[in-house]
Amino acid sequence: MDQRIRSSTPLATLTRSLAKISRARSFDEIVDTIRTSARSLIGCEGVAVILKEGDLCHYVEEDAIGPLWKGQKFPAAICISGWSMANHETAVVPDISKDERIPHALYSETFVKALAMAPVRREDPIAAIGAYWSQTYTPDDWEIETLEALADAATTALQNLEAHVSLARHMAALSNSTSGSPEQFALDVSRVSAIAAVPTILDVVLRMTGMGFAAVARVTEARWIACQVLDPIGFGLKPGDELPIESTLCNEIRGHRQTIVFDDAADDPQYRDHHTPRIYGLRSYISEPIILANGTFWGTLCAIDPNPAKVKNPEVLGAFKLFAELIAYHLDAETRLQSAQASLERERELAELREQFIAVLGHDLRNPIAAIDAGTARLLKEGWTERSPLILKLMKTSVTRMAGLVDNVMDLARARMGGGISLTMTDADLADTLQHVVDELRVAHPEREISAIFDLPRSLTVDHLRIAQMASNLLFNAVTHGASATPVLIWAHLRDEVLEIGVTNGGSAIPTGQISKLFLPFKRGEGRPGVQGLGLGLYIASEIAKAHGGMIDVSSDEQETCFTFSGILKQAEPIA
């Protein structure tokens, strides 16, 4: 049999895959090898690689016959991948419909009917690998062992990767502690090269002194680096080249910050026996310190020649001083420009944040203001009736929410600046909280039918104001963009400490490409013609969901669109 065309056996394929994973030098390479080999090795219809990120499970990659959850993050407490990592063991689920560990809502839109999930680094899991089947199925022992072998190989690769990264950081730290950052020195060379006046300065220096080599050098405690040179005599240095700092006179200039100059080292009592002229065969030399505006010593402007030259005179010394100051000015100007650009970027962010403040007030106050306006109009029209106390109660609730929303502006600022929205957790009846939101929207939009189904305990520990704000934004979105002839439904229940709040409306399906943009600030879906809005409602709702350790999922087809919040909550003791 021709060995060159012999097909690989499953064992050979597995061996090569494990070896490739173990040799990987990046996380992406590890993930890619698992993605491209796991399905064929195990014989499943789908594979996913899940990364543990705090309390979340991040589905970073997949290879499957249909879409799974690539790019999405879910609370670890509701994921089978989270269960596998938390329990340090492989989870095997022959039928997902019969396993309580499965979040069925997340699987309902996928092909998955059975799965196996193996943790990566079993003793302290940091990831998991999932295998999925499109029919109920009990994996054979060899399939589970293959999945676990891939996870073990990924563990080895990650440990090797951590060791390499740690070693690289250690070596970089040693290098930086003695010689500075190579990236910084490359930047210094680039900065000097960008100064258009430097080539002219070096040319004038050589013409004025009659010397054969001139340079602008970056000088630190441990490094001498040529940033720009003019070398007609062939001294041999080019930009980026280095000299041993101890062998240069610039090292002394860095200490005393004074010009060093001599016409002929052989006749100069101070430098006739100095090691620098001897090492480099110099007879004439001049070097001027480059001092930045903040007083920092940066480097030198220098010129050398193997022959004597007339450089120790006021004209040459004055010109060198002027040239060094000009170079320092350009370096300072670039620093100032970078600082100005950074300040401009900060101002742009602040301007955007101020715009967000105004937009949040305008957006989130719209519903309670509309409710108060409608209540006031009814009271003025009808006078005092048996419905008046109820209307006043709703108006008072709206006023309370308005006051809270004003305070929330600062929380939005923290969310935009990376701190996240803060919460004030209290024990209260969440059904009552949500019912107030529903009543408020009904008053503001009497032409729309809004149904509510709440299956909740009497008391839950959440930030009730924030949950009300989130629910109000989701309901307003449904009323605004949903089909007017179809009722809007809000529902909520608590199952195994997982709180779910959903808002469903009829209407056209949201295009798939728009769903990922719905929760961005100032973005909104394409509603009915004439619909106005700043596109902040869903963004704020998603931030509130994140603050509660949950997320908002979107499903949409031609029949209905549903926004569902899911989060892990602890049930409080019943109110006495």
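Guide: Ile-544 has its place in helix H16, residues 537-547 (helices are DSSP runs of H or I with at least four residues, strands runs of E with at least two, numbered from the N terminus). This is a predicted model, in which local features need pLDDT of at least 70 and side-chain atom pairs count only at pLDDT 80 or more, while totals for chains, interfaces and linings use all residues. Residues are numbered from 1 along each chain as its sequence is written, and side-chain values use heavy atoms, leaving out hydrogens and water.

Ile-544 counts as buried because its relative accessibility is 0% (buried means under 20% relative accessible area, exposed over 50%, partly exposed in between, with a 1.4 Å probe and protein chains only). Leaving aside neighbours within four places in sequence, Ile-544 is in contact with Ile-421, Arg-466, Ile-467, Gln-469 and Met-470, contact meaning heavy atoms within 4.5 Å.

Elsewhere, six strands form an open sheet with antiparallel pairing, in the order S3-S2-S1-S6-S5-S4, where two strands pair if DSSP finds at least two bridges between them. At the edges are strand S3 (73-75) and strand S4 (91-93), each of which pairs on one side only. Within this sheet, strand S5 (residues 114-120) and strand S6 (residues 127-133) run antiparallel and are joined by seven bridges, with Val-120 standing opposite Ala-127 in S6.
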